[in-house]
Amino acid sequence: MSLHQPPAGLRSDPAEPHPAEPDTAGPRTGTPDPAVPAETVRSTGRRRGRPPRWLIKTASPVALVLLWQLASATGALPEETLAAPGTIVTTAAGLAETGELQDAVLTSLSRVLAGLGIGIGAAVVLATVSGLFRLGEDLIDAPVQMLRTVPTIGLIPLLIIWFGIGEEPKIALIALTVTFPLYMNIYGGIRNVDSALIEAGRTLGLGRFGTVRHIVLPGAMPSALVGLRYALGSAWLALVFGETINASSGIGYLMNNAREFFQTDVIVVCLVLYAFLGLLADLIVRVLERVLLAWRPAFSGT
Amino acid sequence: MASGLQRNLTPAPAAPADGTVVRVRGLTRAFDGRAVIDGLSLDVASGEFVALLGASGCGKSTLLRVLADLDHDITGEVTVARRRAVGFQAPRLIPWKRVWRNVVLGLPGRPDRNRAVRALEEVGLGHRVDVWPKVLSGGEAQRAALARALVRDPDLLLLDEPFSALDALTRIKAQDLVAELWQRHGCAVVLVTHDVEEAVLLADRVLVMRDGVIAQDQPIGLPRPRRRSAPEFVALRADLLAMLGVDRH
Ligand SMILES: Nc1ncnc2c1ncn2[C@@H]1O[C@H](COP(=O)(O)OP(=O)(O)OP(=O)(O)O)[C@@H](O)[C@H]1O
Ligand SMILES: [Mg+2]
């Protein structure tokens, strides 16, 4: 038994040992030994002498836009290749004035919402059934795992044959793209809930339904939200692809039209719209995470 | 001693008719053909405090899980009080439920905040009612788990090394708390521990488990409250250590 071992009565659990104390022989003094490398622990609250973080974060995008404007103004970046930021803003304002912009956004948004609604619904139902029941797993999981490997974008020709070129194939494409990643995450989340907590729940008198409601489903929430975030990201991707199917309205239609006439400014406006909507979706998930996962001791970055 | 303070207000539920809360006969539990518990018999009287000692891996937790009705892969006869509560080595609080909701989780009816607050006050956590479990310290979490167990008014409280992860000082306080709560609630306790001193301090009876059975059954007749430094205490501790195969002389 080493000298550092505490007496038997005070010994800690062997599974969680004390961190080994460095074996510093010799007398201890009050001042730090100059030979020992030391560092000062800094407060994370505020690092003095540095501009605030939001300023640093906004500075580089602003600089990029300025550089772009400069390149356009000097003619280094011709209008046919990429319109100047100033032009783009004016074009956007013009489109908004005629109402084209709002119409396009609304149409595209409603496609995404419809596809998301169907996809999320399907994923939640399928994942819950196969996550909770052995029979459900046997019936559902294998086919889903197989279908998952098919790239949904590759289904476009089939979807056109099935649904024609109206709204349906676009919505179906989005729904399919959303379903699989979400299913995987919810199913995985349910299956990875800590069995120690389920056991604790049972000793507290929770029945099967209570266990699912209080332990399994909330426990799967972090994973489900990761899936939702990913699903939203791919939903916009599916939208962009879906709207290349002979759309007569929506952001994709606006963009295709612009291509015919080499209107790079309109194309960029459309891209910005896509990006903006994607950002908005991400923001929604972030808020959801903050509210629903407040209990989690999560790492929030430094 | 202030025993039954809480209990006298509400009529105590009938313990099993013959006054025992645990009755085990010929219990066997094997993992992959190896019998970890092998023909074990055990009785615990209602209100009795029993400590269970034994070398690591001898099957203490396995026995406790059987008593907690978490393991059905057994042969033999096991009868336990219906009203049980379990405290594990890790507090196992549900991270997504606030502390008070953890305490009353699984109780019939709507979650009763006042009842949770009373239980938490009893373990000295009246100021931690509304926080998430993640902010509790190890000792606080373990006390919250204790409140969660006791709020169920169990006839039998099963504890599996509840203090082993705590630092020495916190552990002493937790042991005193358990002694006090046990006297107030009057429930039987089966406490699995590695700590001989803890066993002598708290238990009416210390059981030593070896080779899948209760190999030794040592009553502790010391008056309470017990002092760790009393000569009888020290002697009993040495006896038990010898039974466990640790010779300290
Ligand atoms: N689920 C399991 N599958 C296989 N073997 C198991 C299982 N659970 C326990 N065992 C084995 O049973 C034996 C007793 O385990 P148990 O956890 O009851 O020991 P213990 O007395 O509680 O030990 P400790 O004091 O270290 O906690 C060990 O050898 C262990 O490997
Ligand atoms: Mg154990």
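**Exercise 1. Find which parts of chain A are tied together by the salt bridge between the side chains of A:Arg111 and A:Glu167.**

Solution. Start with the distance: N to O, the two side chains meet at 2.8 Å. Helices here are DSSP runs of H or I with at least four residues, and strands are runs of E with at least two, numbered from the N terminus. Last, look at accessibility: A:Arg111 is buried, at a relative accessible area of 1%, while A:Glu167 is partly exposed at 33%. Buried means under 20% relative accessible area, exposed over 50%, and partly exposed in between (1.4 Å probe, protein chains only).

A word on what you are looking at: this is a predicted model, in which local features need pLDDT of at least 70 and side-chain atom pairs count only at pLDDT 80 or more, while totals for chains, interfaces and linings use all residues. Residues are numbered from 1 along each chain as its sequence is written, chains are lettered from A and ligands numbered from 1 in the order in which they are written, and side-chain values use heavy atoms, leaving out hydrogens and water.

**Exercise 2. Check the span of helix H6 (residues 167-191) of chain A, and decide whether the helix is enclosed.**

Solution. The expected span is 1.5 Å times one less than the number of residues. For the 25 residues of H6(A) this gives 36 Å, and the end C-alpha atoms are 36 Å apart, which agrees.

**Exercise 3. Describe strand E3 (residues 49-54) of chain B and its partners.**

Solution. Begin with burial: six of the six residues of E3(B) are buried. Then sort the directions: B:Phe49, B:Ala51 and B:Leu53 point one way, and B:Val50, B:Leu52 and B:Gly54 the other. In a regular strand the side chains alternate between the two faces of the sheet. Now the pairing, for which DSSP must find at least two bridges between two strands. E3(B) runs parallel to strand E7 (residues 188-192) of chain B, with four bridges, and B:Ala51 stands opposite B:Leu191 there. Strand E8 (residues 205-210) of chain B is also parallel to E3(B), joined by five bridges, with B:Leu207 as the bridge partner of B:Leu52.

**Exercise 4. Work out how chain A and chain B meet.**

Solution. First, count contacts (heavy atoms within 4.5 Å): 24 residues of chain A touch 27 residues of chain B. Second, take the buried area, the accessible area (1.4 Å probe) that two parts lose on being put together, summed over both. The chains bury about 2400 Å² between them, 61% of it on carbon and sulfur atoms. A:Thr203, A:Leu204 and A:Trp295 supply 28% of the area that chain A buries against chain B, more than any other three residues. Third, look for charges: there are two salt bridges between the chains, and B:Arg92 and A:Glu199 form one with N to O at 3.0 Å. Finally, helix H7 (195-203) and helix H8 (208-242) of chain A each give two or more residues to the side that touches chain B, and H7(A) gives the most, with six residues.

Note on methods. A salt bridge is a side-chain nitrogen of Lys or Arg within 4 Å of a carboxyl oxygen of Asp or Glu.
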